[in-house]
Amino acid sequence: MDAENFVAVNVSAENFSLDGENVLRVVKTAKLMDFDTNSIAKLRGVDFHNGTIEVKMLSRLLPDAPDFARGFIGIAFRISANDDAFESFYIRPTNSTTADPVRKAHGCQYFSYPKYTFAYFRENNITAYESPVSHGLNEWVALKAVVEDSRAEFYLNGKLALAVDDLKLGGNSHGAVGFFVDIGTEAFYKDLQIN
């Protein structure tokens with residue numbers, strides 16, 4: 001993956017050498033304290049409707065990350081041309097190691113920008129779009145998304161983490177694919193495959 005193939009939307013996206021591997025580094029640069037925003041690195045030249053998206057990802061907390069940062073890292077797909085709507089799945093790695101059962105239950109999240117954010121789901125006591133994960137900071141996690149019309153399944157290291165039967169943009173939506181990063185996170189990506 002080359003940073004030149006990505007459009008940075010409220011993030012920086014750069015080529016980076018991590019442990020001797022060439023990876024893409026993505027860090028939020030705008031809307032710094034706003035959750036579930038359009039902070040994405042969008043791959044050029046892709047119009048995705050149905051199929052699979054696979055990538056390996058690793059997150060770290062930035063030195064100035066606020067206490068509520070969780071290492072938020074994931075993907076965005078069916079991104080609109082003007083970046084004002086997309087579907088997303090991300091993980092919160094620090095939640096996997098906490099003893100707090102409430103936080104642990106919020107290990108991964110599906111959301112749909114701009115309306116159906118995690119805050120919308122929480123405020124309406126909707127828990128179907130989250131589940132626990134067992135993947136921490138500073139470790140590579142293999143994410144696979146299988147998308148068909150209004151349904152998506154998200155796998156982490158080969159195990160089903162979350163299934164969504166009602167993607168909020170609808171079964172006919174399509175658009176770009178990209179990487180999502182949120183508050184206080186240094187995100188790294190490699191080995192992207194889209195089929």
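**From values to conclusions**

Student: Why is Arg78 called buried?

Tutor: Arg78 has a relative accessibility of 2%, and buried means under 20%, so Arg78 counts as buried. Keep in mind that this is a predicted model.

Student: Where does Arg78 sit, and what makes its backbone worth a look?

Tutor: Arg78 belongs to strand E6, which covers residues 73–79. Its phi is near 55 degrees, a positive value in a residue other than glycine.

Student: Which loop holds Asp83, and what is its phi?

Tutor: Asp83 is in the loop between E6 and strand E7 (86–91). Phi of Asp83 is near 65 degrees, again positive in a residue that is not glycine.

Student: How do you know whether Asp83 is buried or exposed?

Tutor: Asp83 has 12% relative accessibility. The cut-off for buried is under 20%, so Asp83 counts as buried.

Student: Let's step back to the whole chain. How many helices and strands does the protein have?

Tutor: There are 2 helices and 14 strands.

Student: What makes the radius of gyration agree with a compact globule?

Tutor: A compact globule with 195 residues would have a radius of gyration near 16 Å; the protein has 15 Å, so the two agree. Its C-alpha atoms fill a box of roughly 40 × 40 × 30 Å along the principal axes.

Student: What share of the contacts comes from residues 24 or more positions apart?

Tutor: Among contacts with a separation of 6 or more, residues 24 or more positions apart account for 67%.

Student: How far apart are the mean positions of the positive and negative charges?

Tutor: The protein has 19 positive and 26 negative charges, and their mean positions are 3 Å apart.

Student: Which residues have the most contacts inside the largest nonpolar core?

Tutor: That core has 51 residues, and those with the most contacts inside it are Ile75, Phe77, Phe89 and Ile91. Setting aside residues up to four places away in sequence, Ile75 touches Ile53, Val55, Glu87, Ser88, Phe89, Leu143, Ala145, Gly178, Phe179 and Phe180.

Student: Why is Phe111 called buried?

Tutor: Phe111, in strand E8, has 0% relative accessibility. Buried means under 20%, so Phe111 counts as buried. Beyond four places in sequence, its contacts include Asp36, Thr37, Phe86, Tyr90, Phe121 and Phe180.

Student: How far is Phe111 from Ala76?

Tutor: Their C-alpha atoms are separated by 9.5 Å, and the two residues are 35 apart along the chain.

Student: What makes the peptide bond from Tyr113 to Pro114 cis or trans?

Tutor: Its omega is near 10 degrees, and the bond is cis. Pro114 lies in the loop between E8 and H2.

Student: Why is Phe6 called buried?

Tutor: Phe6 is part of strand E1 (residues 6–9). Its relative accessible area is 6%, and the limit is under 20%, so Phe6 is buried.

Student: What does Phe6 touch, and how far is Phe6 from Gly178?

Tutor: Not counting residues up to four places away, Phe6 touches Met1, Leu24, Ala41, Lys42, Leu43, Arg44, Phe179 and Leu192. Phe6 and Gly178 are 172 residues apart in sequence, yet 8.0 Å apart C-alpha to C-alpha.

Student: Last one: how do you know whether Glu186 is buried or exposed?

Tutor: Glu186 lies in strand E14 (residues 185–194) and has 13% relative accessibility. Buried means under 20%, so Glu186 counts as buried. Past its neighbours within four places, Glu186 is in contact with Arg25, Val26, Val27, Leu58, Ser59, Arg60 and Leu62.

Key:
Residues are numbered from 1 along each chain as its sequence is written. This is a predicted model: local features need pLDDT of at least 70, side-chain atom pairs count only at pLDDT 80 or more; totals for chains, interfaces and linings use all residues. Side-chain values use heavy atoms; hydrogens and water are left out. Helices (H or I, at least four residues) and strands (E, at least two) are DSSP runs, numbered from the N terminus. The radius of gyration is taken over C-alpha atoms; the globule rule is 2.2 Å times the number of residues to the power 0.38. Contact means heavy atoms within 4.5 Å. Lys and Arg count as positive and Asp and Glu as negative; His and the chain ends are not counted. The place of a charge is taken as NZ of Lys, CZ of Arg, CG of Asp or CD of Glu. A nonpolar core is a set of buried Ala, Val, Leu, Ile, Met, Phe, Trp, Tyr and Cys residues joined through side-chain atoms within 4.5 Å. Buried means under 20% relative accessible area, exposed over 50%, partly exposed in between (1.4 Å probe, protein chains only).
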